[in-house]
Amino acid sequence: MRLILLGAPGAGKGTQANFIKEKFNIPQISTGDMLRAAVKAGTPLGVEAKKVMDAGGLVSDDIIIGLVKDRLKQPDCAKGYLFDGFPRTIPQADAMKEAGVAIDYVLEIDVPDAAIIERMSGRRVHQPSGRTYHEKFNPPKVPGKDDVTGEDLIQRDDDKEETVKKRLAVYHEQTEVLVDYYNKWSLAGTPGAPKYRKISGVGPVETIRDNAFAALAG
């Protein structure tokens with residue numbers, strides 16, 4: 001099972017990625033994790049990436065694709081792999097295609113912006129313990145207070161409505177075009193084209209999980 005998971009920030013990709021990883025016994029490929037590991041190990045690509053990062057630049061797609069190819073040679077990828085958060089742009093998708101990175105499925109988790117904003121902006125956190133609440137879906141017993149300690153809950157900067165809206169705008173501008181890219185490739189039916197599947201990311205987590213498994217079975 002070799003797949004790419006697509007969806008906006010806050011669509012629940014991380015949760016579903018965990019279910020998929022367990023079911024198919026495959027690793028989740030994160031470009032951030034790969035970069036950190038390569039830099040730490042001092043591989044040629046890691047050294048190159050560190051130079052760029054130290055200078056405050058963005059690591060090039062060539063380096064990222066090189067890291068991906070190295071990562072996929074490792075034994076834990078023999079049964080497949082799951083990409084979450086990559087590719088983010090058309091040039092990255094093109095580079096993956098040119099590098100011959102095999103993909104069986106592209107699974108999109110679709111959630112309307114309004115639902116994502118409500119989901120994320122309602123989160124509240126008790127920082128010392130990491131306990132999380134939601135003003136609507138999982139409210140604390142006393143508004144703004146942790147159930148266990150009674151201490152104040154905070155709203156992380158990442159969860160503030162204006163931040164969420166900015167992240168969604170970037171997603172729609174840069175990454176949503178991949179939905180069209182993979183859908184067209186799938187419909188073209190050319191050799192090596194992945195199957196494109198879209199499921200709703202709204203509703204109980206278990207229902208979304210079951211829908212994801214069903215989409216990956218057909």
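Predicted model: local features only at pLDDT ≥ 70, side-chain atom pairs only at ≥ 80, totals over all residues.
**Overall build**

- Along its principal axes, the C-alpha trace of the protein spans about 55 × 45 × 35 Å.
- Buried residues account for 40% of the 218 residues.
- Take the contacts between residues at least 6 apart in sequence: 65% of them join residues at least 24 apart.

**Helices α2 and α3**

- Helix α2 covers residues 31-41 and helix α3 covers residues 44-54; their axes come within 8 Å and cross at roughly 105°.
- On the α2 side the contact uses L35, A38 and V39, and on the α3 side G46, A49, K50 and M53.
- Sorted by type, the residues in the contact of α2 with α3 come out as 5 nonpolar, 1 polar and 1 charged.

**Helices α5 and α8**

- Helix α5 (residues 90-98) packs against helix α8 (residues 177-188) at an angle of about 35°, and the two axes are 10 Å apart.
- From α5, the contact takes in I90, A93, D94 and K97; from α8, V177, L178, Y181, Y182 and W185.

- Helix α6 (residues 113-121) and α7 sit with their axes 9 Å apart and pack at an angle of about 140°.
- With that angle, α6 is oblique to α7.
- The crossing of these two helices, α6 and α7, is right-handed.
- D113, I116, I117, M120 and S121 of α6 make the contact with E161, V164, K165, R167, L168 and H172 of α7.
- By type, the residues in the contact of α6 with α7 split into 5 nonpolar, 2 polar and 4 charged.
- Zooming in on α6, I117 belongs to this helix and counts as buried, at 15% relative accessibility.
- Leaving out residues up to four places away in sequence, I117 touches G122, E161, V164, K165 and L168.
- I117 and E161 are 44 residues apart along the chain, yet their C-alpha atoms are separated by 6.4 Å.

**T175, also in α7**

- T175 lies in helix α7, which runs over residues 161-175.
- T175 is buried, with a relative accessible area of 11%.
- Setting aside neighbours within four places in sequence, T175 is in contact with P87, R88 and V170.

**L6 in strand β1**

- L6 sits in strand β1, made of residues 2-6.
- The relative accessible area of L6 is 4%, so this residue is buried.
- What does L6 touch, if you don't count residues up to four places away in sequence? The list is K13, P87, V106, L107, E108, I109, L178, V179 and Y182.
- L6 and F86 are 80 residues apart in sequence, while the C-alpha to C-alpha distance is 8.4 Å.

**L72 in helix α4**

- L72 is in helix α4, which spans residues 61-72.
- Is L72 buried or exposed? At 19% relative accessibility, L72 counts as buried, because the cut-off for that label is under 20%.
- Not counting residues up to four places away in sequence, L72 touches I29, C77, Y81, F83 and V101.
- L72 and V205 are 133 residues apart along the chain, and 29 Å separates their C-alpha atoms.

- N25 lies in the loop between α1 (13-24) and β2 (28-29).
- Most residues other than glycine have a negative phi.
- N25 is not a glycine, but its phi is positive, at about 55°.

Methods
Residues numbered from 1 in each chain as written. Heavy atoms only, no water. Helix = DSSP H or I, 4+ residues; strand = E, 2+ residues; numbered from the N terminus. Buried < 20%, exposed > 50% of the residue type's maximum accessible area, 1.4 Å probe, protein only. Contact = heavy atoms within 4.5 Å. Axes fitted to C-alpha atoms, helices over the stretch in contact; angles between N-to-C directions. Parallel < 35°, antiparallel > 145°, perpendicular 65-115°, else oblique. Left-handed = near helix turned anticlockwise from the far one by under 90°. Nonpolar A, V, L, I, M, F, W, Y, C, P; charged D, E, K, R; others polar.
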